[in-house]
Amino acid sequence: MDNLREIERNKVLRNLGYELFYLRKIFSTMDFAREALEYGKYLKAIIVAEEQVKGKGRKGRKWISPKGGLWVTIVTPIPKNKLEIANIIAGLAVAMSLNELYGINVRLKWPNDVVYLGFKLGGVLVENIVYGNNVISLIGIGINCNNSSLDVGVKGTISLREILGKPVNREKILEKITANLENLIRKNSISSVIRMYKKYCYSLGKKVKIKVNNEIIEGFVYDITEKGGLVISSPSKGNIIADYGDLIEHEGIRYKLG
Ligand code: BTN
């Protein structure tokens with residue numbers, strides 16, 4: 001198991017320049033992160049909560065966050081040219097880290113659902129804020145770690161403890177994700193990020209249905225663009241690029257989409 005409350009003293013994260021916050025119970029680490037930036041002026045901060053009572057998911061959905069999970073927001077400046085792919089970078093950092101730490105085949109359902117054998121293991125929510133001359137990314141990461149998927153109450157969910165058969169150390173996971181995130185944001189070029197993303201992308205080659213501007217496109221995911229968008233090969237429409245949109249069906253995914 002682990003002792004997450006010790007995170008505020010974590011030297012690895014401190015040495016990377018992060019201000020660290022541990023909260024036992026909070027509405028959402030995203031709201032706290034916004035306040036840490038606005039009032040505390042922390043351009044680099046990590047906010048971890050043991051439990052969230054109003055966790056936020058993508059597209060305005062709620063995110064159930066019981067004790068035992070890793071619920072964190074990483075506040076970090078991001079270069080303007082990487083802004084468009086901030087959500088791709090964040091998902092990639094999570095998938096890479098879990099593969100590196102545990103040798104498990106964690107992949108990303110486009111754009112950044114963290115999946116294992118089609119079950120949802122975690123998710124990423126990115127909010128970007130213009131702050132003076134900087135753009136600051138609030139990177140919200142949720143991973144079902146030592147909690148049971150039954151506590152989440154959403155069909156098709158899984159946790160690391162269920163995959164590995166033993167509890168994990170959330171502090172180690174956070175250290176690894178943060179280090180990978182730093183490298184992807186600051187060192188790697190956009191093309192190399194996209195190349196890496198493709199290795200972890202569960203959606204490539206899969207049959208999907210996506211809704212873009214009220215139009216439904218059906219086909220196979222053929223490629224990922226330099227903006228992190230999908231290239232879908234559709235029998236009726238040829239190759240279509242979808243930079244955004246809602247996947248409403250996805251081969252191999254065991255949880256409800258939309
Ligand atoms: C998704 O819908 O898949 C994204 C879920 C993101 C959840 C994380 S948990 C930590 C951070 N705080 C929140 O309220 N949401 C994000």
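The lining of the largest pocket comprises 16 nonpolar, 14 polar and ten charged residues, where Ala, Val, Leu, Ile, Met, Phe, Trp, Tyr, Cys and Pro count as nonpolar, Asp, Glu, Lys and Arg as charged, and the others, Gly among them, as polar. The structure is a predicted model, in which local features need pLDDT of at least 70 and side-chain atom pairs count only at pLDDT 80 or more, whereas totals for chains, interfaces and linings use all residues. Residues are numbered from 1 along each chain as its sequence is written, and side-chain values use heavy atoms, with hydrogens and water left out.

The space in the largest pocket amounts to about 750 Å³. Its lining is made up of 40 residues, of which Gly-57, Arg-61, Lys-62, Trp-63 and Lys-120 are the closest to the centre. A pocket is here an open set of points, on a 1 Å grid over the protein atoms alone, where a 1.4 Å probe fits and protein lies on both sides within 12 Å along at least five of seven lines; lining residues have an atom within 4 Å of a point. Grid points are joined across faces, edges and corners, and the volume is the space filled by probe spheres set on the points. Two or more lining residues are given by each of α2 (29-38), β3 (70-77), β6 (119-131), β7 (134-143) and β12 (246-250), with the largest share, six residues, coming from β6. These elements are DSSP runs numbered from the N terminus (helices, H or I, at least four residues; strands, E, at least two). Because domain 1 (4-200) and domain 2 (207-250) both contribute to the lining, the largest pocket lies between them; the domain bounds come from an automatic or database domain assignment.

The second largest pocket holds about 240 Å³ of space. At least three of its lining residues are drawn from each of domain 1 and domain 2. By class, this lining divides into four nonpolar, three polar and five charged residues, and it includes Arg-58, Lys-59, Trp-110, Pro-111 and Asp-243. Lys-59, in the loop between β2 (45-52) and β3, has a positive phi of about 55° although it is not a glycine. Pro-111 is placed in the loop between β4 (106-109) and β5 and is joined to Trp-110 by a cis peptide bond with omega of about -5°.

Around the ligand there are 20 residues, among which Ser-28, Thr-29, Lys-56, Arg-58 and Lys-120 come nearest; a residue counts as near if one of its heavy atoms lies within 4 Å. A backbone N or O atom of Arg-58 is 2.7 Å from a ligand oxygen atom, and a side-chain N or O atom of Lys-120 is 2.8 Å from a ligand oxygen atom. The side chain of Gln-52 places an N or O atom 2.9 Å from a ligand nitrogen atom.

Strand β6 pairs with two strands, pairing being assigned if DSSP finds at least two bridges. With β5 (residues 113-116) the pairing is antiparallel over three bridges, and Val-114 has Gly-122 of β6 as its bridge partner. The hairpin of β5 and β6 has two residues between the strands, and Leu-117 takes a positive phi near 50°. Ten bridges join β6 to the antiparallel β7, in which Ile-143 stands opposite Gly-122. Two residues also separate β6 and β7 in their hairpin, where Gly-132 in the turn has a positive phi of about 60°.

How values were computed: A polar contact is a pair of N or O atoms within 3.5 Å; within protein, one must be able to donate a hydrogen and the other to accept it, and residues adjacent in sequence count only if both atoms are side-chain atoms.
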